[in-house]
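Subject: Structure for you to look at

Hello,

I am passing on the structure we talked about, and below it I have written out what was found. Please keep it open beside you as you read.

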Amino acid sequence: MCIRDSLIAKYNAKVLLFYQSKFEIGDDDTIAIKEIILQIKRTYLKNVVVFKQIYDLEKYAELIGLCDLIISTRAIAVVISIMKRVPVIGIDYALGKLKGFMELAKIEQYCVDWNNLDLDILKEKINLAIKNRLYLKRKLASISSILRKKAFLNAQLLLKLIMTKEKQT
């Protein structure tokens, strides 16, 4: 049984699939979502919701905030999950990008390396995140304000750099 089906069977989970990118040439999430749908056992399809449009950031964040757990390869989903205090499993395929951010958030144990993806380990992390979700919500609440301050500091440094460059020209 695939992970999606086992989550639905064990927790009566709703699986939400979001389009993140859509291009006319077909190299987008449309193909991946269609493949995922084909793999899901027919009896579990009622638990799958596909969001077919691409939402603006505010709406996307609102939808993520309604979830109990996010599993994503996308950095934006991981960042929003952390800021919305939603437990998250990050599947890092981009050379440590997600792992680095999840280390900053002190939840690196919930990051999985795409290159060493093991379904048993992924299931274990999902079950651990579900079991510890109240603790994770509290942890994310305490860390999200620190991350906001760091992001603001980075923005200030970037603005200062731009202003310095403009003065030089």
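Predicted model: local features only at pLDDT ≥ 70, side-chain atom pairs only at ≥ 80, totals over all residues.

I would begin with helix H6, whose buried residues are Leu122, Lys125, Ile126, Ala129 and Ile130. Looking down the axis of H6, you will find that these buried residues fall within an arc of 135 degrees, so they line one face of the helix.

What, then, covers the buried residues of H6? The cover includes helix H1 (3–11) and helix H7 (133–168), together with strand E3 (70–72), strand E4 (88–92) and strand E5 (111–113). As for its length, H6 runs over residues 119–131, which makes 13 residues, and its first and last C-alpha atoms are 18 Å apart, close to the 18 Å expected at 1.5 Å a residue.

Stepping back to the whole chain, you can count 7 helices and 5 strands, and from the N terminus on these elements follow the order α-β-α-β-α-β-α-β-α-β-α-α. The C-alpha trace spans about 65 × 40 × 30 Å along its principal axes. Of the 169 residues in the chain, 35% count as buried, while the accessible surface comes to about 11,300 Å², with 58% of it belonging to carbon and sulfur atoms. If you consider the contacts between residues at least 6 apart in sequence, 49% of them join residues that are at least 24 apart.

In general, most residues other than glycine have a negative phi. Arg85, however, has a phi near 65 degrees, a positive value in a residue other than glycine, and it sits in the loop between helix H4 (75–83) and E4. Is Arg85 buried or partly exposed? Arg85 counts as partly exposed because its relative accessibility is 35%, and that class lies between under 20% for buried and over 50% for exposed. Lys106 likewise is not a glycine and yet has a positive phi of about 65 degrees; you will find Lys106 in the loop between helix H5 (97–104) and E5.

Best wishes

Notes. Residues numbered from 1 in each chain as written. Heavy atoms only, no water. Helix = DSSP H or I, 4+ residues; strand = E, 2+ residues; numbered from the N terminus. Buried < 20%, exposed > 50% of the residue type's maximum accessible area, 1.4 Å probe, protein only. Contact = heavy atoms within 4.5 Å. Areas by Shrake-Rupley, 256 points an atom, 1.4 Å probe, with all protein chains shown as cover. Expected span 1.5 Å × (residues − 1). Arc of directions from axis to C-beta.
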